[in-house]
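User: I'd like to learn how to read domain contacts and strand pairing in a model. Could you walk me through it?

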Amino acid sequence: MSSEQSSRIVISGVGASTPLGHSFSEIGDALQAGRSGIDWYDAGTFNRLQKHAAANVQEILLPTKTESFIHTEEFNKSSRIEQFMIGPAAHALADAGINPKVDSLKQKKRVGIIAGIGAEQLKNWERDFLDNGHDVFEASSQPSLVHRVAHMLGVNGPATTVAAACASSGYALALGKTWLATGLVDSCVVGGCDVLSPTALAAFHNLRALSRRDDNPQKASRPFDKNRDGFVMGEGGVFFVLERQREAEDRQCKIYGELAGIGMSSDASHMVTPCSDPVQASRAITEALADANLSPAQVDYINAHAAGTPVGDAAEAGAIRNAFGPAAAEIFVSSTKSMSGHLISAAAAFEALACLVAIERNMVPPTINLDEPDENCCLRHVPHQSISSPVHVTASNSFGFGGSNLCLILKSAA
Amino acid sequence: MNHSLSSSADLSALCLVESYASASAHASEIDTLAREKHTHGCHSLPPRFLRHADEQTVIGMHSIIQAMAADTQDSRDIRNDAVVAATCLGGQPSAARTMIGLRDKGPVAVTPHIVPQCSLHSVASAASVGFGMHGPNFGVGGGPHAPAEGFLLALTLAPMLARTSPSSRIWLVCTGWDQQPCLDAAGILTNDPICRGMTFVLKPEKAQPVDNTYPHIQISCLKNAPSPRILPAHGRLKELCEQFETGTCTTIAMTDTCTIEISPLSPNQLSSRSNELALQKEAA
């Protein structure tokens, strides 16, 4: 193996708890079948509408093979946001065959953790307030969730939370890659989680960012469609283990793919509205391709951020055409948010997982509900049904409030 | 002494501190501060830009303007610069008022500004949007470890930025309250704590600076490295601010094998800073 190959950063463990399933294969089956995870959601007395369409996780289960990290009773006592982090992060480590509690002592392995969570405190205060608590009135300086989970998992390296709104978990992957590349850690747990909450639903609704198509929830999320009218909120947690290829191969564990390139930029335009000028978003894509040492024509599939908002989807289509040039006409593009809803802080990690599924199955997941593609979003869409096609290289876009742009290049590790 | 250095550790994760400023204000003063013109040279925030901003965003923007004024590279183009903002328990007063509104008047009363203005990324995004910085912008921390995490991630970003945009710098903005605000059941503040912000303008460097006395921060993977002053990773922003400004070399212990070394301001910067403070006092 060449030194370039051995220093590649690969994904060797996956853990997820999402509206489309709780394992890599279950989520893969849903994406391949074009199944929607969106349904009615009842926010109780705080419903902004009579009924909300949302991608809710009905039951968060402690994944198998994680008993060395946490007991079921302790997991069941944790809050939803904690469960969305503990379960997938513990499962990703178990999947990679890493137990930091043991490995850090025996092999002096340094394991780090980076969690993409946009508004952890807000969610904690809200939960406490709705339970008649007073934390929001007299906040105490408790360690963040990532530090509590790091302790629970035995993570002995650095632990941190990052936030770039809807691109948060993508930034976690990007920064984790850099931790490995600079030798700060030997493996890194990266990903993100988010929960549905009355305040978030109401705030996004009042911002007119959510779809109002609440009569048929499965039809509400319509990225790139002419009749799209906003996104559908979702919740969940998705975490990965990143490490250098040679270390993953030494342990003979499954390698899901390589995190080959990252690109980041900011619109610096508006705190909420995406910039209609595609220059900065396409710069993130171009930088990611350059980081991966790939040309646009080498990309087989683009997992678009496209959430179903009128402005955002058109702006992204422009950025893709701008960055990929003539190759854009040949590359399959889809938005898996049509099925999963928008997992907010966890969205970028979920979509990285969708890219890994596409690579493993040589399958392009569809954009369901794409009945009438908007002429302003002219791309090589995959409407309604997945298609079989060789997928070696994928690009995953993520954009967030505050103008954060991110592109990850994930490719087959073979 | 066992100095175990990772064989693959890339010590290019080093940044020179090209400018620095701190700002602080009592909670009761922040509304007035938000209405002030935030301008330095050709850089200025759009009018009314901070009208919905959280207290920590206001103080963070104020410390950025101060750092611009203290910048030795004043004329440098900031369009491709990056922003990393480390905040501790940001958005608390707004969150309390929003939740009271939700409970008393229902979801119609929830302000849409809570999402962009009271999340962990808010300070970074406000700096990027307000001052037109197109490099990466993201928030870090959220809890008591925020300043330490901010330094770590600014240093994480440094090699990446050095590769893609070699002349760009990183604006690391750390904000927090000396004491958290207390609010009554109506959401009115019952104390008047100090909100504090520190801005470091960091230039990623590949090699050790020739003049090691030039202020810099760097990651060290040395185990048990001797250090004059070690702060825990959850050290308070006030303490960090005091140590940096009094010329004390500081080490933040992130883990057993990872520390962040922060060299103090140089004598020149210290003296210009004391002049600056004296002028500010006079003006007040």
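Analyst: Let's take the domains of chain A, then some strands of chain B. Keep in mind that this is a predicted model.

User: Which domains does the assignment give for chain A?

Analyst: Domain 1 covers 10-257 and domain 2 covers 261-411. Their C-alpha centres lie 20 Å apart.

User: How many residues from each domain take part in the contact?

Analyst: Start with the cut-off: two residues are in contact if their C-beta atoms, placed from the backbone, lie within 7 Å. Here, domain 1 of chain A brings 59 residues and domain 2 of chain A brings 60.

User: Which elements of chain A supply at least two residues each on the domain 1 side?

Analyst: They are β1 (9-17), α2 (24-33), α8 (168-181), β6 (187-194) and β7 (236-244) of chain A. α8(A) gives the largest share, with seven residues.

User: And what's the make-up of that side, in nonpolar, polar and charged residues?

Analyst: The domain 1 side that touches domain 2 in chain A has 29 nonpolar residues, 21 polar ones and nine charged ones.

User: Now chain B. In which sense do β1 and β7 pair there?

Analyst: For a strand pair, look at the direction and the bridges. β1 (residues 14-26) and β7 (residues 194-205) of chain B are antiparallel, with twelve bridges.

User: How many bridges join β1(B) to β8 of chain B?

Analyst: Three, and these strands run antiparallel, with β8(B) spanning residues 216-220. Here Leu16(B) is opposite His216(B) in β8(B).

Conventions:
Residues are numbered from 1 along each chain as its sequence is written. Chains are lettered from A and ligands numbered from 1 in the order in which they are written. This is a predicted model: local features need pLDDT of at least 70, side-chain atom pairs count only at pLDDT 80 or more; totals for chains, interfaces and linings use all residues. Domain bounds come from an automatic or database domain assignment. Helices (H or I, at least four residues) and strands (E, at least two) are DSSP runs, numbered from the N terminus. Ala, Val, Leu, Ile, Met, Phe, Trp, Tyr, Cys and Pro count as nonpolar, Asp, Glu, Lys and Arg as charged, and the others, Gly among them, as polar. Two strands pair if DSSP finds at least two bridges between them.
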